[in-house]
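Biologist: Can you walk me through this one? Keep it short, please.

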Amino acid sequence: MSRISEMATSLHIAQRQQSPIAQFSTTETFNLNQAYEIQHQLIGKRVAEGEHHIGIKMGFTSEAKMAQMGVSEMIIGQLTDKMECINGGSIKRTDFIHPRVEPEIAFRLKKDITEPIAIGDVLNYVDGVSAALEVIDSRYENFKFSLEDVIADNCSSAAFVLGNFHEPRQVLTDLEMTLLINGKPIETGNSNDILGNPWKSLVAASELSYKYNLPLKAGNIVLAGAATSAHFINVSDEIAADVAELQSVFFRVV
Ligand code: OOG
Ligand code: MG
């Protein structure tokens with residue numbers, strides 16, 4: 001087995017057994033292309049076990065996230081149907097290692113994106129926009145990683161919840177985004193914190209998916225990246241995000 005395949009296998013087992021591993025980058029060197037190759041193999045294992053690819057997630061599209069994790073380049077990861085929790089539903093704490101939550105905006109595609117798109121074209125590709133919550137769960141000990149480590153680990157993707165979809169509109173700037181845990185506002189950000197304009201995250205997704213060969217198909221979801229830093233969650237927490245007119249999205253940890 002090649003080293004790339006071994007790394008994908010280790011990450012897969014870490015996720016399936018909720019048992020964290022040491023980050024690779026402290027003892028070995030690998031590049032961005034190799035990191036995405038590990039991610040592809042990792043998703044391939046989940047698909048082989050019956051999961052379906054249903055979208056992608058962007059990471060490190062805000063200063064708050066880059067500062068929290070010490071990483072300063074955008075990343076792209078993949079979402080499967082198994083990761084989705086319905087709005088108002090619950091996730092099991094024991095399915096994760098050290099889960100954190102963050103408030104996001106999601107796009108639903110109405111058309112395949114097969115090459116980089118321009119900011120002026122985004123409305124041609126999207127038929128819904130919603131508030132979202134993303135649960136991230138690094139498979140590395142202490143939630144510590146390099147850029148390559150986190151890409152290999154499918155960008156810490158673990159679970160996500162989508163609010164009701166709204167008609168897409170050109171202007172998504174200046175929407176207040178609040179993360180609430182047990183009814184208490186924990187973080188407040190603004191949609192401008194996502195690359196100055198969340199639509200730019202879709203443009204960046206089109207560029208990264210083209211470069212690293214990730215599918216972006218009609219019906220797929222694109223998570224634009226968190227507007228605030230992420231927060232650890234615990235059993236019996238009730239988590240909500242309010243995103244101005246996009247309204248709220250909610251789940252419970254059991
Ligand atoms: C990586 C995932 C980053 C975002 O929204 O910026 C991310 C991590 O922080 O573990 O999902
Ligand atoms: Mg995120």
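Modeller: First, a term: a polar contact is a pair of N or O atoms within 3.5 Å. This is a predicted model, where local features need pLDDT of at least 70 and side-chain atom pairs count only at pLDDT 80 or more. Residues are numbered from 1 along each chain, and ligands from 1 in the order in which they are written.

Biologist: Which backbone atom is 2.8 Å from an oxygen atom of ligand 1?

Modeller: A polar one of A226.

Biologist: What about the side chains of K57 and K65?

Modeller: K57 has a polar side-chain atom 3.0 Å from a ligand 1 oxygen. For K65, that distance is 2.8 Å.

Biologist: How many residues surround ligand 1?

Modeller: 17, counting those with a heavy atom within 4 Å. F60, E102 and S156 are among the closest.

Biologist: New topic. At what angle do helix 1 and helix 2 pack?

Modeller: About 50 degrees, between N-to-C directions on a scale from 0 to 180 degrees.

Note on methods: Side-chain values use heavy atoms; hydrogens and water are left out. Helices (H or I, at least four residues) and strands (E, at least two) are DSSP runs, numbered from the N terminus. A polar contact is a pair of N or O atoms within 3.5 Å; within protein, one must be able to donate a hydrogen and the other to accept it, and residues adjacent in sequence count only if both atoms are side-chain atoms.
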